[in-house]
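Hi,

Here is the structure I promised to send over. Have a look at it first, and then read my notes below.

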Amino acid sequence: MTEQSRSRTVARLICILVPGGLLLAVLMFKGTPAVKAHIVPSPCDFTTGGGFVITDNGNHANFGLVGGCKNGGFFGHVNFVDHDTTGSFAGLHVSSDTIDAYFEPFAGSNVRDICGTADTNLFGTVKFRARTEDNGDPTSGGAGVDKFGLKITGVSPPFTGGTAVVVSTRFLAGGDIELHKPNPSTTGPSTPPSEFTACGSDDSGLGL
Amino acid sequence: MHWKLNRPALIAGAILLVGFLAWPMRGLAQTTSASTITGQGTAVQASVYSILGTVTTALADTGVIGTTNVAQDAGQVTGSVASLLNADVLSSSTYSYADEVDSLSSVGDLNLIVAGVSITANSVVAEASQALGAMGTGSSYVDGLAINGTPVALTGAANQTIWIPGGQIAINERTISSTGAAVVNALHVTVTGVADVVVAMAKAGIS
């Protein structure tokens, strides 16, 4: 093979492989809303909210929360009450003790995960991940705009290591969630926490 | 074509350009700083009157903030005031920036009985905000409100009032002070001589 024909072959390969690679990449990521990051937002901010969602059994599940960065750490609280009368989470109360992380699971999105440790009335102490999405101010009542979801991981016997999505991320039936802009005090820790340590598990099943 | 530089025009243009570039910096330098700041969120504040005096109870109350760049929050999974009120997921927060104060308060599963009148709601949320130099704003979200089991049609307007025996219920009660500070009471129940109950109060002021 002459030098000229070798160059031509390489050029042909590049012409085939580069567009092919791009197509493959597009197919692989088709349908993915954004690249998962699980990073502390930078600059960090915070989220507040209250309201309720409808569970898979058709009952109310109420929540009230605050979470974000403050003075080099995290702050806030998450409270949740499930009004199901049947099923695994019937009557579940979740009351946070500490906020251990505040993540932006999808880079550049208005989705935030508040993670921490909580007491429950059914599963002892758990790690939790409350997912919020602020899509603007509702016009009335609060239904159908913002989103909320909750996942827990047991840390007390006999539930240690067990994980469950209590409510997958869904539209509020009432209430509001606000993602607030950063201010000079909303700084996170210099070393970001581990997602598994702070939240107890990954976000599989929680949805968006 | 031959262009000839006009020296006086060039100098005038340069002065104009420097003045234009300096304009925003002068504007920023002249921005006023806040001297009065107030922020508070309270999930429930109930005053009950009796012959023994007035007993006031606050649930999930942030307390008052009075400086910039601070945040306070309070929350509880359930809360009650004896013989008056039960509620879930009570949550409040208030926070200040150098040029803004925002507050929020929310209550779930409200079950309130005042002077024999039952008031229930699935969710009650109040929000208030004021940016420096602007008038305060506020909003509330009340879902599933019922009086003695009868659903109440909400207008969405500020200060909607419903009369009850001996008193009234104000829904989405909003007050703006002379300095622009905003106070929003999502629900405010008053029965003369019996009780004064605010459910989900948010206050924000900066001037």
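Some housekeeping before the rest. This is a predicted model, where local features need pLDDT of at least 70 and side-chain atom pairs count only at pLDDT 80 or more, whereas totals for chains, interfaces and linings use all residues. Residues are numbered from 1 along each chain as its sequence is written, chains are lettered from A and ligands numbered from 1 in the order in which they are written, and side-chain values use heavy atoms, with hydrogens and water left out.

**Back to B:Gly39**

B:Gly39 sits in strand 1 (residues 37-50) of chain B. Helices (H or I, at least four residues) and strands (E, at least two) are DSSP runs, numbered from the N terminus. Setting aside neighbours within four places in sequence, B:Gly39 is in contact with B:Gly63, B:Val64, B:Ile65, B:Thr94, B:Val101, B:Ser103 and B:Lys203; contact here means heavy atoms within 4.5 Å. B:Ser93 is 54 residues away from B:Gly39 along the chain, and their C-alpha atoms are 8.9 Å apart.

**Chain B as a whole**

Of its 207 residues, 45% are buried. If you take the contacts in chain B with a separation of 6 or more, 51% are between residues 24 or more positions apart. The accessible surface of chain B is about 10100 Å², with 61% belonging to carbon and sulfur atoms; the areas come from the Shrake-Rupley method with a 1.4 Å probe, and for residues only the protein chains shown count as cover.

**Where the chains meet**

Chain A puts 38 residues into the contact and chain B 31 residues. Together they bury about 2300 Å², 57% of it on carbon and sulfur atoms. Buried area is the accessible area (1.4 Å probe) that two parts lose on being put together, summed over both.

How many salt bridges are there between chain A and chain B? The count is 1, taking a salt bridge as a side-chain nitrogen of Lys or Arg within 4 Å of a carboxyl oxygen of Asp or Glu. The partners are A:Lys181 and B:Glu100, whose closest N and O atoms are 2.9 Å apart.

On the side of chain A that touches chain B, strand 2 (46-54), strand 3 (60-70), strand 4 (73-82), strand 5 (93-106) and strand 10 (174-180) each supply at least two residues. The largest share, 7 residues, comes from strand 3 of chain A.

**Two buried polar side chains to click on**

- A:Arg129 is in strand 7 (residues 125-133) of chain A and is buried, with a relative accessible area of 1%. Its side chain makes a polar contact with the side chain of A:Asp113 (2.8 Å), and a polar atom of that A:Arg129 side chain lies 2.9 Å from the backbone oxygen of A:Ser201.
- B:Asn172, in strand 11 (residues 167-176) of chain B, is buried at 4% relative accessible area. The B:Asn172 side chain reaches the backbone oxygen of B:Ala157 at 3.4 Å.

Most residues other than glycine have a negative phi, and most peptide bonds are trans. Here are the exceptions I noted.

- A cis peptide bond joins A:Ser42 and A:Pro43, with omega about -5°. A:Pro43 is in the loop between strand 1 (36-39) and strand 2 of chain A.
- Another cis peptide bond joins A:Pro157 and A:Pro158, with omega about 5°.
- A:Asn71 has a positive phi, near 50°. It is in the loop between strand 3 and strand 4 of chain A and is exposed, at 57% relative accessible area.
- B:Ala115 also has a positive phi, about 50°, and is partly exposed at 47%.

Cheers

How values were computed
Buried < 20%, exposed > 50% of the residue type's maximum accessible area, 1.4 Å probe, protein only. Polar contact = N/O pair within 3.5 Å; in protein donor to acceptor, adjacent residues only side chain to side chain.
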